[in-house]
Amino acid sequence: MEPVRIVEGRALPLDRSDVDTDQIIPSHWLKRVERTGFEEGLFSSWREDPAFVLNDRRYAGAEVLVAGPNFGIGSSREHAVWAIQQYGFRAVVAPRFGDIFRNNAAKCGLVTAAVDADFGRALIDAVLADHTLTVRVDVQNRTVEAPAAGLAATFPLPEAVQERLLGGLDDIAVTLGHAEAIDAFEQTRPTWLPVTAARL
């Protein structure tokens with residue numbers, strides 16, 4: 001996983017609330033055995049409508065997805081995070097996220113910035129008004145800014161999640177960070193307890 005300190009770029013406004021994971025990536029996409037190619041399934045049902053915002057070329061290459069409240073609710077699927085990342089988004093800004101989606105995002109290196117509803121609305125309106133607007137999501141300082149629109153806000157981010165993002169740490173890397181403590185425990189563990197194959 002690559003470290004993430006700042007995500008800065010143009011934004012895409014998804015002016016919808018209560019977007020669930022089945023809308024982010026429909027369930028038939030979950031049959032894939034590879035962990036690639038999910039960008040084609042991102043909002044695939046909605047993309048059949050030519051007027052859907054992902055079909056608007058003005059927002060091509062956007063790195064920040066700005067959505068309405070309750071983004072990522074519904075069933076658990078890492079595929080939703082993979083689809084968003086593989087499409088090119090590195091951060092999602094919204095008032096409130098589904099808990100499971102937010103946790104999956106943290107483990108995959110996708111920044112989720114939960115802002116208050118008024119700021120979220122103002123940011124969507126600003127991006128709708130100016131497709132060239134630059135949005136900056138700062139993980140170190142826990143801020144979201146769109147200077148050209150005069151918008152700035154902070155967002156909550158648990159220290160453990162911030163450490164993961166800044167260090168580019170997946171679950172294995174987090175575990176390896178405790179390698180010395182694990183080794184010390186294993187040295188004093190009673191010999192009659194089961195062991196892993198590595199210790200045989």
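In the hairpin of strands E5 and E6, which has 4 residues between the strands, Arg142 takes a positive phi near 55°. The model is predicted, so local features need pLDDT of at least 70 and side-chain atom pairs count only at pLDDT 80 or more, while totals for chains, interfaces and linings use all residues. Residues are numbered from 1 along each chain as its sequence is written, and side-chain values use heavy atoms, with hydrogens and water left out. Helices (H or I, at least four residues) and strands (E, at least two) are DSSP runs, numbered from the N terminus.

**The sheet**

- Seven strands form an open sheet with mixed pairing, in the order E4-E3-E2-E1-E5-E6-E7.
- E4 and E7 stand at the edges with a single partner strand each, so one side of each has no neighbour in the sheet.
- Ignoring direction, neighbouring strands of this sheet are turned by 25° against each other on average; the axes behind such angles are lines fitted to C-alpha atoms, for helices over the stretch in contact, and angles run from 0 to 180 degrees between N-to-C directions.
- Strands of a sheet pair through backbone hydrogen bonds, either parallel or antiparallel.
- Two strands count as paired if DSSP finds at least two bridges between them.
- E1 (residues 6–14) and E5 (residues 134–138) run antiparallel and are joined by 5 bridges; Gly9 stands opposite Val135 in E5.
- E5 also pairs with E6 (residues 143–146) in the antiparallel sense, over 3 bridges; the bridge partner of Val137 in E6 is Val144.

**Thr154 in strand E7**

- Thr154 belongs to strand E7, which covers residues 151–154.
- Its relative accessible area is 60%, so Thr154 is exposed (buried means under 20%, exposed over 50%, partly exposed in between, with a 1.4 Å probe and protein chains only).
- Not counting residues up to four places away in sequence, Thr154 touches Arg142 and Thr143, where contact means heavy atoms within 4.5 Å.
- Thr154 and Val144 are 10 residues apart in sequence, and their C-alpha atoms are 6.1 Å apart in space.

**Helix H3**

- The buried residues in H3 include Phe101, Asn104, Ala105, Ala106 and Cys108.
- The cover over the buried residues of H3 includes helix H1 (21–24), H2, E4 and helix H5 (159–167).
- Asn104 lies in H3 and counts as buried because its relative accessibility is 12%.
- Leaving out residues up to four places away in sequence, Asn104 touches Ser76, Arg77, Glu78 and Val81.
- Gly109 follows H3 and has a positive phi, near 90°.

**Positive phi in loops**

- Most residues other than glycine have a negative phi, and most peptide bonds are trans.
- Asp18 is not a glycine, but its phi is positive, about 55°.
- Asp18 sits in the loop between E1 and H1 and is partly exposed, with a relative accessible area of 39%.
- Arg96, also a residue other than glycine, has a positive phi near 80°.
- Arg96 lies in the loop between strand E3 (91–94) and H3 and is partly exposed, at a relative accessible area of 47%.

**Pockets**

- On a 1 Å grid over the protein atoms alone, a pocket is an open set of points where a 1.4 Å probe fits, with protein on both sides within 12 Å along at least five of seven lines; lining residues have an atom within 4 Å of a point.
- Grid points are joined across faces, edges and corners, and a volume is the space filled by probe spheres set on the points.
- The largest pocket holds about 280 Å³ of space.
- Its lining has 15 residues, and Met1, Gln85, Lys107, Cys108 and Gly109 lie nearest the centre of the pocket.
- Helix H2 (78–87) and helix H3 (99–108) each supply at least two residues of this lining, and H2 gives the largest share, 3 residues.
- By class, the lining of the largest pocket has 6 nonpolar, 2 polar and 7 charged residues.
- Ala, Val, Leu, Ile, Met, Phe, Trp, Tyr, Cys and Pro count as nonpolar, Asp, Glu, Lys and Arg as charged, and the others, Gly among them, as polar.
- The second largest pocket holds about 160 Å³ of space, and Arg96, Phe97 and Asn103 are among the residues that line it.
- H3 and strand E4 (111–114) each supply at least two residues of the lining of the second largest pocket; H3 gives the most, with 3 residues.
- The lining of the second largest pocket has 7 nonpolar, 2 polar and 2 charged residues.
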